[in-house]
Amino acid sequence: MQVIEARQAQVIVDRLMEDIPFNINIMDAQGIIIASGEKDRIGHRHYAAVQSISKQKRIEVYRDTVYEKKGTNTPIVYQNDIIGVVGISGEPSQVTPFANIVSSFVVLLIQEKSEFKNEQKRLNQKKHFVKKMIDNIDGNYDEELITEGLDHYKVNLMEENACILSKNKKDLEEILDDHEIFYYESFYFCLVSSEMHSVLSGQLESSDLSDIIIIGEPQLPTPSMIMETLDYWYLADFFQLANKVVPSDIKAFTFLNSVSETLDDKIFDSVKEIYQDYYETLIVFAKTNCNYNETSKQLHIHRNTLAYRLQRITDMTGLNPNLWYELCTLLMYFMTNYKAIS
């Protein structure tokens with residue numbers, strides 16, 4: 001049975017007595033006063049409330065006695081159970097409408113709190129599911145995890161899935177309104193079947209997106225596929241690509257995500273020093289195939305300014321962005337710094 005918390009009940013009493021000109025008592029399921037405008041009554045048994053609980057109806061008291069005060073006592077009913085009683089002191093004909101309001105108010109708050117707890121429980125359960133799934137990077141799931149995926153999230157971990165990933169939950173909700181949305185390391189993602197993947201790829205062509213969405217390729221095992229899609233997102237953001245990105249757009253650059261162990265500390269320190277000023281210049285220069293005129297146009301700078309910036313990069317790092325193989329090395333260093341500060 002749901003229990004009324006004394007602290008919550010007192011907050012309700014204090015707030016409502018600012019507008020209701022009568023004393024309010026809230027009793028628990030045993031008829032003990034747990035909140036009151038008259039604090040010295042808290043902890044005492046309310047005999048009219050005990051009667052109200054026993055008879056499962058409103059009890060009205062028409063005169064003060066040693067045990068009770070004139071007023072009305074209305075059961076608080078939640079999911080067909082009496083979980084407490086609201087008592088309001090005064091002429092029953094005057095205070096009964098207020099008792100009904102307070103009782104309804106308590107029930108609404110309890111229902112809201114219960115729904116919040118259930119939602120938190122579900123979110124924690126889903127978070128645990130994601131962690132357990134991703135920790136099994138090779139796809140060696142136990143039967144319990146497979147069953148949970150099917151029963152709760154309509155995800156079959158034993159079949160090829162595609163990962164649709166973004167930092168913007170709203171975009172995913174608009175595109176995948178009937179799919180479960182998971183959360184991992186500040187990203188939202190959905191797992192969809194191979195058939196749905198083909199449908200979504202077409203839909204996204206005409207969708208108005210507010211952030212990058214990566215459409216991963218269907219494959220097994222699911223955890224490594226999710227991590228691969230996550231790597232694609234970082235690459236897409238690093239290269240400032242369009243909002244809708246498929247792996248084929250950036251697959252050639254996946255090596256940038258796995259070369260940090262080969263970095264030269266001295267060069268990396270230089271890159272960190274110039275990153276803020278020259279990151280965009282390097283990215284645009286690479287995306288325009290090292291075309292000076294097009295890079296200058298996109299950056300809205302003079303060609304000589306571009307030449308100065310590229311020379312500055314060379315002077316600081318010892319790597320010349322005009323040489324394709326040294327440009328790739330520079331991108332590797334810039335990508336590593338990007339991930340470090342993201």
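**Surface and overall form**

Analyst: The chain exposes about 18600 Å², and 48% of that comes from carbon and sulfur atoms. Accessible areas come from the Shrake-Rupley method with a 1.4 Å probe, and for residues only the protein chains shown count as cover. This is a predicted model: local features need pLDDT of at least 70, side-chain atom pairs count only at pLDDT 80 or more, and totals for chains, interfaces and linings use all residues. Residues are numbered from 1 along each chain as its sequence is written, and side-chain values use heavy atoms, with hydrogens and water left out.

User: What share of the residues is buried?

Analyst: Of the 342 residues in the chain, 46% are buried. Buried means under 20% relative accessible area, exposed means over 50%, and partly exposed is in between (1.4 Å probe, protein chains only).

User: What is the radius of gyration of the chain?

Analyst: The chain has 32 Å, while a compact globule of 342 residues would have a value near 20 Å. The radius is taken over C-alpha atoms, and the globule rule is 2.2 Å times the number of residues to the power 0.38. Along the principal axes, the C-alpha atoms fill a box of roughly 100 × 45 × 40 Å.

User: How many helices and strands are there?

Analyst: The chain has 11 helices and 10 strands. Both are DSSP runs numbered from the N terminus: helices are H or I with at least four residues, strands are E with at least two.

User: OK, sheets. What is the order of the five strands in the open sheet?

Analyst: The order is E2-E1-E5-E4-E3, with antiparallel pairing. Two strands pair if DSSP finds at least two bridges between them. Strand E2 (33–36) and strand E3 (59–61) are the edge strands, each pairing on one side only.

User: How many bridges join E1 to E2?

Analyst: Three bridges join E1 (residues 24–27) to E2, and the two run antiparallel. Ile-26 has Ala-35 in E2 as its bridge partner.

User: New topic: H10. Which residues are buried there?

Analyst: Leu-306, Leu-310, Ile-313, Thr-314, Met-316 and Thr-317 are buried in H10.

User: And what covers them?

Analyst: The cover includes helix H8 (265–287), helix H9 (292–299) and helix H11 (324–341). H10 itself spans residues 303–317 and reaches 21 Å from its first C-alpha to its last.

User: What comes just after H10?

Analyst: Gly-318 follows, with a positive phi of about 80 degrees.

Note on methods. The expected span of a helix is 1.5 Å times one less than its number of residues. Contact means heavy atoms within 4.5 Å.
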